[in-house]
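Here is a brief report for a reader new to this structure.

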Amino acid sequence: MKRRKFIQSASLTGLGVVATTALIGCKEEPSEENNAMIPGATSNIPLVIATWNVPESTAKAWEVIQEGKSALDAVEQGCMVEEANAEGQSVGIGGLPDRDGRVTLDACIMNKEGNYGAVVCMQHIIHPISVARKVMEDTPHVILAGTGAEEFAVSLGFKRTDLLTETSKKAWEEWKKTSEYKPIINIENHDTIGMLAIDKNGDISGGCTTSGLAYKMAGRVGDSAIIGSGLFIDNEVGGATATGLGEEVLKTVGSFLIVELMRQGKTPQQACEEAIARIIKKSPNYKDFQVGYIAVNKKGETGFYGIHEGFSVTTYKNGKNTNIPSDFYNKG
Ligand code: SD4
């Protein structure tokens, strides 16, 4: 089922926290020995958790972890699945363009050492998450923007591709008839992938990739590729990532906040709820936009919370790939 359809049908049936379960691929259970390495670890390790209903992405990440590879490899390859999906209109190829018809992508990645790499406002490259990893590993910098990012990618052998699909072009042309620009993400209009993974060694990494706000101003950069906002990892504590209206996440540095709250002893769920509360307190117009957070701690405990109904997460743990509607703040 497509994410948006799932979100709509979940709302229509009034589902609260009822899980839709899809079992995909690998059924391997984590071994006791692996978990014995992590103090307080539960059978939740290894695990993958991502924003929205992205079972193919989480299944890929899980498969990579089962091959014994790192959480970093897992989040990169998991995010790549959705970036290559031309039907997804919020990530990679097929993403909705800015007001001028340009598809511009933001992505970032963080590893267990706390290293970070990002690209912002990059055009023509299908896999910004992989370019972000190259920025992290092969340059003295942490963020490359626009044409610089694109040229760096091409120099590494990434192919230039037209990312504007016919469907997204039609949607943009339809939008241009009124050109009604609302810098507010519609509640159903965001499927950015933020993904967190814990590998068999108990190490945490994360990635976040998006085409950002549809019909945004040229040059607009959201939260997704910005450290501490769209993503933050501290391998001693946990990780968090965000989706929704980036401007609000940026103003409250949401992912960093969640990790710091977990460091102080909050559970991932309590930390996500407090980060949403921080936005609610500061933004009286919170009814007009959605933000969703997901978090994981070192023990493999997860949390997720949104402002509105409609946010969901996909977890892959104990061999099960499950989409779970998230609890939310605005109950009426
Ligand atoms: C942004 N946070 O650029 C992103 C939007 C998003 O799915 O989550 N889209 O503001």
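## Rings and a buried threonine pair

Phenylalanine 232 counts as buried, at 14% relative accessibility. The model is predicted. Phenylalanine 232 forms an edge-to-face aromatic pair with phenylalanine 256. Phenylalanine 232 lies in strand E8 and phenylalanine 256 in helix H9, so the pair ties together parts that are 24 residues apart in sequence. Phenylalanine 256 is partly exposed, at 35% relative accessibility.

A search of the whole structure finds 5 aromatic pairs. Two of them are set out here.

| Pair | Centre to centre | Angle between planes |
|---|---|---|
| Tryptophan 52 and phenylalanine 311 | 5.2 Å | 85 degrees |
| Phenylalanine 232 and phenylalanine 256 | 4.9 Å | 85 degrees |

Tryptophan 52 sits in the loop between E2 and helix H3, and phenylalanine 311 in the loop between strands E11 and E12, so their pair links parts 259 residues apart in sequence. Tryptophan 52 is buried at 1% relative accessible area. Phenylalanine 311 is buried at 2%.

Next, the threonines. Threonine 51 belongs to strand E2. It is buried, with a relative accessible area of 0%. A polar atom of its side chain lies 2.6 Å from the backbone oxygen of threonine 192. A polar atom of that side chain also lies 2.8 Å from the backbone nitrogen of glycine 194. Contacts of threonine 51 include Phe311 and Ser312.

Threonine 192 is in the loop between helix H7 and strand E6. It is buried too, at 7%. The unreviewed UniProt entry annotates Thr192 as "active site". Among its contacts are Trp52, Ser90 and Cys208.

Note on methods: Residues numbered from 1 in each chain as written. Predicted model: local features only at pLDDT ≥ 70, side-chain atom pairs only at ≥ 80, totals over all residues. Heavy atoms only, no water. Helix = DSSP H or I, 4+ residues; strand = E, 2+ residues; numbered from the N terminus. Buried < 20%, exposed > 50% of the residue type's maximum accessible area, 1.4 Å probe, protein only. Polar contact = N/O pair within 3.5 Å; in protein donor to acceptor, adjacent residues only side chain to side chain. Contact = heavy atoms within 4.5 Å. UniProt positions renumbered as here; feature names shortened; annotations may be inferred. Phe/Tyr/Trp six-rings, centres within 6.5 Å; stacked < 30°, edge-to-face > 60°. Lists of a residue's contacts leave out its neighbours within four places in sequence.
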